[in-house]
Amino acid sequence: MSLGIDISTWQDVRDYNTLASQVNYVLLKASGSNTGSNYVDSKYHRHAAGFNGRFPVGSYYMNGASDPIAAAQFFVRNLSAQASDFAVLDIETIDGSSYWSPAKSAAWVQEVRRLGYSGPMFAYMNTSVAQSADWSGLERMSVGAWIANYGQDNGSLTSPNPGTGSWSTWKVHQYTQQGRLTGYAGPLDLNRAKAGVFDSRPVANEGKKRWIISGIA
């Protein structure tokens with residue numbers, strides 16, 4: 001199994017070396033508009049520098065109040081070169097805002113691509129959201145499903161087959177919010193990735209190394 005974590009300003013990581021030694025990839029919150037306007041996560045660049053060069057490091061945008069085109073432009077404009085190995089759109093209801101529709105989500109993806117980003121892209125959502133709308137259009141755009149389904153949410157894998165709704169399959173599964181790893185005192189989101197999901201076209205205009213991640217069958 002290929003193990004990864006996703007973190008934001010809420011995780012005040014101090015020991016990047018120890019934490020990085022236990023995972024194969026990291027997803028960082030880069031920006032979002034769930035608060036009512038576009039913002040950059042306060043610890044994004046610090047986290048990016050802390051994990052840079054070890055393995056794939058990606059960035060995500062939290063959907064919300066912003067127009068998806070403006071949101072995509074903001075995301076790319078503030079994307080750290082140290083965390084650009086893959087990009088994720090976080091599609092969920094949060095802070096009183098509804099999750100973006102498939103059409104709005106597709107518009108965000110299209111604009112990110114138009115602006116030159118060519119790395120692997122994913123859509124993060126829980127099983128309920130995956131089953132509530134038709135996301136097949138995103139899959140046809142080569143966007144992978146990053147599905148959150150925690151089962152008993154006790155730090156271990158208790159829900160091995162997360163529901164995917166209209167997606168043909170999942171690429172990454174966030175399986176608990178209560179994970180524990182040496183080097184960080186609090187709970188962490190743990191994710192397992194299928195083999196090769198981060199091995200794709202290189203990031204546009206950037207001669208960065210690509211990684212092939214071995215994962216679950």
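Colleague: Is Glu-111 buried or exposed?

Modeller: This is a predicted model, so keep that in mind. Glu-111 counts as buried, because its relative accessibility is 7%, under the 20% cut-off.

Colleague: Which side chain does Glu-111 meet in a salt bridge?

Modeller: Arg-114. The N to O distance is 2.8 Å. Arg-114 counts as exposed, at 57% relative accessibility.

Colleague: How are Glu-111 and Arg-114 placed in helix α4?

Modeller: They are 3 residues apart in α4, which spans residues 102–114. That separates them by about one helical turn.

Colleague: How many salt bridges does a search of the whole structure find?

Modeller: The search finds 3. One of them joins Arg-14 to Asp-12, with the closest N and O atoms 3.0 Å apart. Arg-14 is exposed at 64% relative accessibility. Asp-12 is partly exposed at 32%.

Colleague: And what about Arg-46 and Asp-12?

Modeller: Their side chains meet in a salt bridge too, at 2.7 Å, N to O. Arg-46 lies in helix α2 and Asp-12 in the loop between β1 and α1, so the pair ties together parts that are 34 residues apart in sequence. Arg-46 is partly exposed, with a relative accessible area of 32%.

Colleague: Which residues do shared partners join into one salt-bridge network?

Modeller: Asp-12, Arg-14 and Arg-46.

Colleague: Switching to Lys-29. Where is it found?

Modeller: In strand β2. Lys-29 is buried yet has no salt bridge.

Colleague: What is the nearest side chain of opposite charge to Lys-29, and how far away is it?

Modeller: Asp-41, 4.8 Å away. Lys-29 makes no salt bridge with Asp-41, because 4.8 Å is beyond the 4 Å cut-off.

Colleague: How many residues of β2 are buried?

Modeller: 8 of its 8 residues, so the strand is mostly covered. β2 covers residues 25–32.

Colleague: Which way do β1 and β2 run, parallel or antiparallel?

Modeller: Parallel, with 4 bridges joining them. β1 is residues 2–7. Asp-6 has Leu-27 as its bridge partner in β2.

Colleague: How many bridges join β2 to β4?

Modeller: There are 6, and that pair is also parallel. β4 spans residues 57–62. Gly-32 has Met-62 as its bridge partner in β4.

Colleague: And β2 with β3, parallel or antiparallel?

Modeller: Antiparallel, joined by 2 bridges. β3 is residues 39–40. Ser-31 stands opposite Val-40 there.

Colleague: How many residues lie between β2 and β3 in the hairpin?

Modeller: 6 residues. Gly-36 sits in the turn with a positive phi of about 120 degrees.

Colleague: Which residues other than glycine have a positive phi?

Modeller: Ser-142 has phi near 65 degrees, and Asp-153 has phi near 50 degrees. Ser-142 lies in the loop between α6 and β7. It is exposed, with a relative accessible area of 54%. Asp-153 is in the loop between β7 and β8.

Colleague: Rings now. How many aromatic pairs are there?

Modeller: The count comes to 15. Among them, Tyr-16 and Phe-51 have ring centres 5.0 Å apart and planes at 85 degrees, so the pair is edge-to-face. Tyr-16 is in helix α1 and Phe-51 in helix α2, 35 residues apart, so this pair links distant parts of the chain.

Colleague: Are those two buried or exposed?

Modeller: Tyr-16 is buried, with a relative accessible area of 12%. Phe-51 is buried as well, at 0%.

Colleague: Last one. Which residues do ring pairs link into a cluster?

Modeller: Tyr-25, Phe-86, Phe-122, Trp-146 and Phe-198.

Methods:
Residues are numbered from 1 along each chain as its sequence is written. This is a predicted model: local features need pLDDT of at least 70, side-chain atom pairs count only at pLDDT 80 or more; totals for chains, interfaces and linings use all residues. Side-chain values use heavy atoms; hydrogens and water are left out. Buried means under 20% relative accessible area, exposed over 50%, partly exposed in between (1.4 Å probe, protein chains only). Two strands pair if DSSP finds at least two bridges between them. Lys and Arg count as positive and Asp and Glu as negative; His and the chain ends are not counted. Rings of Phe, Tyr and Trp (its six-membered ring) pair if their centres lie within 6.5 Å; planes under 30 degrees apart count as stacked, over 60 as edge-to-face and the rest as tilted.
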